[in-house]
Amino acid sequence: KQFTIGWWVDDNAMTHDSDSVIDDVINEIEAKFGKMTVTRGDRHTFLGMNFHFPGDGKVSINMKEYIEEAAEVFGEDLTRKVSTPANKDLFEEDEKTVPLDKDHAVRFRSVVMKLQWVAERGRPDVRLPIAYLITRMAKVTTQDWRKLRRVFLFLMHTIDDDRVIGIEDIEVLHTWINASYAVHPDMKSHTGGCISYGLGIIDSGSKKQKLN
């Protein structure tokens, strides 16, 4: 039977039908590299993601602690409740807005990269605003900081929301894709899409197009 190992630097995940086979592999690895920290069961934490396998063919992913860590770096009050991760002016750029000071600019870049990981792995519902904020790294302004704060307000208000993934039919793959024409100030368009096996989104994308 298939034995699957996922590697990420010094973290890995293993799956197999037989616990004894997993034990044998772990023993072989530890014999060469030393003792490892091993978790078993239906709950695991891996690279900032909290996985829960309830036994019904689905998996839920929560990144609460990782989001809270990023919010601490952001360093502002985030108690106000909002219903969306962005306002309708997301793509608008005010030429008169003030550039961020060095400290805030460094924090902005650090936090946006953290939230990119969150958007890709646990919260695809914030993928659009994060995709936009990534394009603002070179010239961060107070307007960008306000938009980032909006994303955080939404995440903190919905921090207990889980991403749930499952399969209704392995032979039926659903795909959605769309684009908004010339929505960026440089007249470039924006493309987004996602794919699913019927229960949750297994992958998604949101990106500014390179050509006009």
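Modeller: What follows takes those topics in turn, starting with how the model should be read. This is a predicted model, in which local features need pLDDT of at least 70 and side-chain atom pairs count only at pLDDT 80 or more, while totals for chains, interfaces and linings use all residues. Residues are numbered from 1 along each chain as its sequence is written, and side-chain values use heavy atoms, with hydrogens and water left out.

Colleague: Fine. What is the strand order in the open sheet of 5 strands?

Modeller: The order is E3-E4-E5-E6-E9, with antiparallel pairing; strands are DSSP runs (E, at least two residues), as helices are (H or I, at least four), numbered from the N terminus, and two strands pair if DSSP finds at least two bridges between them.

Colleague: And which strands stand at the edges?

Modeller: Strand E3 (43-46) and strand E9 (198-199) do, and each has a single partner strand, so one side of each is left without a neighbour in the sheet. E3 pairs with strand E4 (residues 49-52) in the antiparallel sense over 4 bridges, and Phe46 stands opposite Met49 in E4.

Colleague: Switching to pockets, what volume does the largest pocket have?

Modeller: Its volume is about 1500 Å³. A pocket here is an open set of points on a 1 Å grid over the protein atoms alone, where a 1.4 Å probe fits, with protein on both sides within 12 Å along at least five of seven lines, and lining residues have an atom within 4 Å of a point. Grid points are joined across faces, edges and corners, and the volume is the space filled by probe spheres set on the points.

Colleague: Which residues lie nearest its centre?

Modeller: Of the 43 lining residues, Asn12, Ala13, Met14, His44 and Phe46 lie nearest the centre of the largest pocket. The elements giving two or more residues to this lining include strand E2 (11-15), E3 and E4. By class, the lining has 22 nonpolar, 12 polar and 9 charged residues, where Ala, Val, Leu, Ile, Met, Phe, Trp, Tyr, Cys and Pro count as nonpolar, Asp, Glu, Lys and Arg as charged, and the others, Gly among them, as polar.

Colleague: What about the second largest pocket, which element gives the largest share of its lining?

Modeller: Helix H4 (127-134) gives the largest share, 4 residues, and the volume of the second largest pocket is about 160 Å³. Its lining divides into 4 nonpolar, 3 polar and 4 charged residues.

Colleague: Now electrostatics: how many salt bridges does the structure hold?

Modeller: The structure holds 13 salt bridges, each being a side-chain nitrogen of Lys or Arg within 4 Å of a carboxyl oxygen of Asp or Glu. In one of them, the side chains of Arg40 and Asp23 meet at 2.3 Å, N to O, linking distant parts of the chain, with Arg40 in the loop between H1 and E3 and Asp23 in helix H1, 17 residues apart.

Colleague: Is Arg136 buried or exposed?

Modeller: At 5% relative accessibility Arg136 counts as buried, whereas Glu93, with a relative accessible area of 31%, is partly exposed; buried means under 20%, exposed over 50%, and partly exposed in between (1.4 Å probe, protein chains only). The side chains of Glu93 and Arg136 meet in a salt bridge (3.2 Å, N to O), and Glu93, Arg136 and Asp144 are linked in a network of salt bridges.
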